[in-house]
Amino acid sequence: MSVTGFNAGLAVQAALVTEQAAIAASTMVGRGREKAADQKAVDAMRTGLNALDIQGRIVIGEGERDEAPMLYIGEEVGTGEGPAIDIALDPLEGTTLTAKAMANALAVMAFAPRGGLLFAPDVYMDKIAIGPGFDPGIINIEDSAADNVKRLASAKGVAPSEITVCVLDRSRHANIIESLRDIDARVRLITDGDVQGVISTTDPDTQTDMYIGQGGAPEGVLAAAALRCIGGQMQGRLHFRNDDEIGRARRVGIDDLDAIYDLEGLASGPTIFAATGVTQGSLLDGVKIKNGRAHTHTLVMNSVDNAVQRLRSSRPYMAG
């Protein structure tokens with residue numbers, strides 16, 4: 001894979017774009033209008049990307065070109081100068097969270113050289129992830145949640161009751177939650193936002209050891225891009241509910257519908273990840289508008305120099 005022009009300096013540019021999207025989305029916090037909030041974030045992110053000197057291609061976006069006027073899969077962004085970059089993004093991860101003024105809404109984006117990210121269709125994905133510092137093979141998506149927790153507990157030298165697992169609060173996860181509670185593991189339920197759920201396994205302050213559950217495949221690739229920067233283990237397997245979803249996979253070149261993707265399969269080579277808080281959350285603070293200025297809190301990670309930064313920025317803000 002050619003990485004010409006792909007360097008740590010791109011991380012600052014990625015952060016600027018997610019900050020712009022977060023500020024735009026923050027104007028819709030608590031207003032109950034999910035689509036309007038998403039559109040604000042999309043418009044700001046597209047404007048920011050098109051100002052960058054990159055040959056950008058969206059590989060994880062908001063559907064195919066004919067589905068919505070969003071940042072769609074296959075869209076070209078940037079000035080057309082500079083490095084050829086594949087981009088995974090979610091301009092507003094947590095539209096419902098934003099509309100209801102709930103915690104943990106983010107603007108999220110990842111960069112990789114061309115071919116560095118799985119071209120994942122907009123379908124569900126079964127996921128399991130842990131943070132860095134463990135020998136390979138601790139997790140196995142084909143095993144029960146309880147068995148995975150027992151192996152992680154053994155590796156940490158603690159009882160399963162000392163392991164905290166993050167799970168999306170969905171009825172489809174009833175068996176997972178039951179399996180975890182049968183061994184007395186702690187279960188941290190979240191209403192939305194499984195990108196931050198996966199990333200939380202890398203942050204000791206969140207006290208989350210593992211993420212398990214079924215969520216969007218695009219979000220799985222975004223989360224994997226973050227883990228590539230800081231280390232960790234992750235597995236994902238696409239879940240198809242109908243023939244239409246299988247067709248989406250085949251259109252993006254996926255032939256093995258039962259494949260299990262490890263971290264390398266989801267995000268290979270160097271990656272850059274940026275996430276800016278829209279609403280207050282466990283991972284990042286939300287946007288605050290004070291005295292005519294917008295204050296943001298952004299997590300920036302890159303595997304080029306293995307840097308992890310938390311940036312607090314302030315810039316002039318004009319409502320409109």
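**Exercise 1. Find out how R57 and D86 meet, and which parts of the chain they tie together.**

Step 1: Look at the two side chains. R57 and D86 form a salt bridge, 2.9 Å from N to O. (That term means a side-chain nitrogen of Lys or Arg within 4 Å of a carboxyl oxygen of Asp or Glu.) Keep in mind that this is a predicted model, where local features need pLDDT of at least 70, side-chain atom pairs count only at pLDDT 80 or more, and totals for chains, interfaces and linings use all residues. Residues are numbered from 1 along each chain as its sequence is written, and side-chain values use heavy atoms, with hydrogens and water left out.

Step 2: R57 sits in strand 1 (residues 55–60) and D86 in strand 3 (residues 84–93), so the pair ties together parts 29 residues apart in sequence. (Helices, H or I with at least four residues, and strands, E with at least two, are DSSP runs numbered from the N terminus.)

Step 3: D86 is buried at 1% relative accessible area, while R57 is partly exposed at 23%. (Buried is under 20%, exposed over 50%, partly exposed in between, with a 1.4 Å probe and protein chains only.)

Step 4: Widen the view. R57, E76, D86 and R114 are linked in a salt-bridge network.

**Exercise 2. Work out where K127 and D194 lie, and whether each is buried or exposed.**

Step 1: Their side chains meet in a salt bridge, 2.5 Å from N to O.

Step 2: K127 belongs to strand 5 (residues 124–130) and D194 to helix 6 (residues 194–199), so this pair ties together parts 67 residues apart in sequence.

Step 3: K127 is buried at 3% relative accessibility, and D194 is buried at 5%.
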